[in-house]
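Reader: I have a model on the screen and would like to learn how to read it. Please take me through the features one by one.

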Amino acid sequence: MRAGQPAGAPEVTGELLDGGRYDLTQDRGQVVVVNFWGSWCAPCRAEAADLEATFQATRDSGVRFIGINVQDARDKAIAFEEGRVSYPSLFDPASRLALEFEVLPPNTVPATVVLDRDGRIAVVIRKAVRQETLEPIVARIAAERPQDR
């Protein structure tokens, strides 16, 4: 990779909170918003409605959201998501997936990574997000053609 080029996303696969499986490669060609969260995290609770609103506002533009639940018990994570977000989340209690993202310290929660349609890391946000900040970022990346960056 040349200096200044966005890094590629790591392999992201695992078990969803609902028991299904997820593989990031299934969403190649889409903009993917990856949000790291825990039910014990107050800023995560604060940003959940903004993430859901951004998901609803951008999903028809080829945008997918995936949560990654870290350092949590499954029952607490499931209870946290109920009524808050409608997109799926991976269950990663050991934070292994966070370690794969070289741009993200594993103890940074909440954190949001936006991947472009080519599967490259376009934006990293290491704090709670608000819809008025996140939605324009996601919309801009969704409007780009692959290879534009």
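Author: Start with the terms. Helices (H or I, at least four residues) and strands (E, at least two) are DSSP runs, numbered from the N terminus. Two strands pair if DSSP finds at least two bridges between them. This is a predicted model, in which local features need pLDDT of at least 70 and side-chain atom pairs count only at pLDDT 80 or more, while totals for chains, interfaces and linings use all residues. Residues are numbered from 1 along each chain as its sequence is written, and side-chain values use heavy atoms, with hydrogens and water left out.

Reader: How many helices and strands does the protein have, and in what order do the elements run?

Author: The protein has 4 helices and 7 strands. Read from the N terminus, the order is β-β-β-α-β-α-β-α-β-β-α.

Reader: How do I read the sheet, and in what order do its strands lie?

Author: Strands of a sheet pair through backbone hydrogen bonds, either parallel or antiparallel. Here 5 strands make an open sheet, ordered E5-E4-E3-E6-E7, with mixed pairing. Strand E5 (89–92) and strand E7 (121–125) are at the edges, each pairing on one side only. From one strand to the next the twist averages 20°; for such angles, axes are lines fitted to C-alpha atoms, for helices over the stretch in contact, and angles run from 0 to 180 degrees between N-to-C directions.

Reader: Which strands does E3 pair with, and in which sense?

Author: E3 and E4 run parallel and are joined by 7 bridges. Within that pair, Phe-36 is opposite Ile-68 in E4. With strand E6 (residues 111–115), strand E3 (residues 31–37) pairs in the antiparallel sense, over 5 bridges. There Val-34 faces Val-113 of E6.

Reader: Which helices lie across the sheet strands, and at what angles?

Author: Contact means heavy atoms within 4.5 Å. Helix H2 (residues 74–81) lies across E3, strand E4 (63–70) and E5, at about 125° to E3. Helix H4 (residues 131–143) lies across E3, E4, E6 and E7, and runs at about 175° to E7. Over the protein, 66% of the contacts with a separation of 6 or more are between residues 24 or more positions apart.

Reader: What share of the protein is buried, and how covered is E4?

Author: Buried means under 20% relative accessible area, exposed over 50%, and partly exposed in between (1.4 Å probe, protein chains only). By that rule, 49% of the 149 residues are buried. E4 is mostly covered, with 7 of its 8 residues buried.

Reader: Where does Glu-52 lie, and is it buried or exposed?

Author: Glu-52 is in helix H1 and counts as buried, at 12% relative accessibility. Leaving out residues up to four places away in sequence, Glu-52 touches Arg-84, Val-85, Ser-86 and Tyr-87. Glu-52 and Tyr-87 are 35 residues apart along the chain, and their C-alpha atoms are separated by 7.8 Å.

Reader: What counts as a cavity, and how many does the structure hold?

Author: On a 1 Å grid over the protein atoms alone, a cavity is a set of points where a 1.4 Å probe fits but cannot get out; lining residues have an atom within 4 Å of a point. Grid points are joined across faces, edges and corners, and a volume is the space filled by probe spheres set on the points. The structure holds 3 cavities of 30 Å³ or more, and the largest cavity has about 60 Å³ of space.

Reader: Which residues line the largest cavity, and which element gives the largest share?

Author: The lining consists of Asn-35, Trp-37, Cys-44, Glu-47, Ala-48, Leu-51, Phe-80, Glu-81, Val-85 and Tyr-87. H1 gives the largest share, 4 residues, and E3, helix H1 (42–58) and H2 each supply at least two. For the next count, Ala, Val, Leu, Ile, Met, Phe, Trp, Tyr, Cys and Pro are nonpolar, Asp, Glu, Lys and Arg are charged, and the others, Gly among them, are polar. The lining divides into 7 nonpolar, 1 polar and 2 charged residues.

Definitions and conventions:
1 Å grid on protein atoms, 1.4 Å probe; cavity = no way out; pocket = protein on both sides within 12 Å on 5 of 7 lines; lining within 4 Å.
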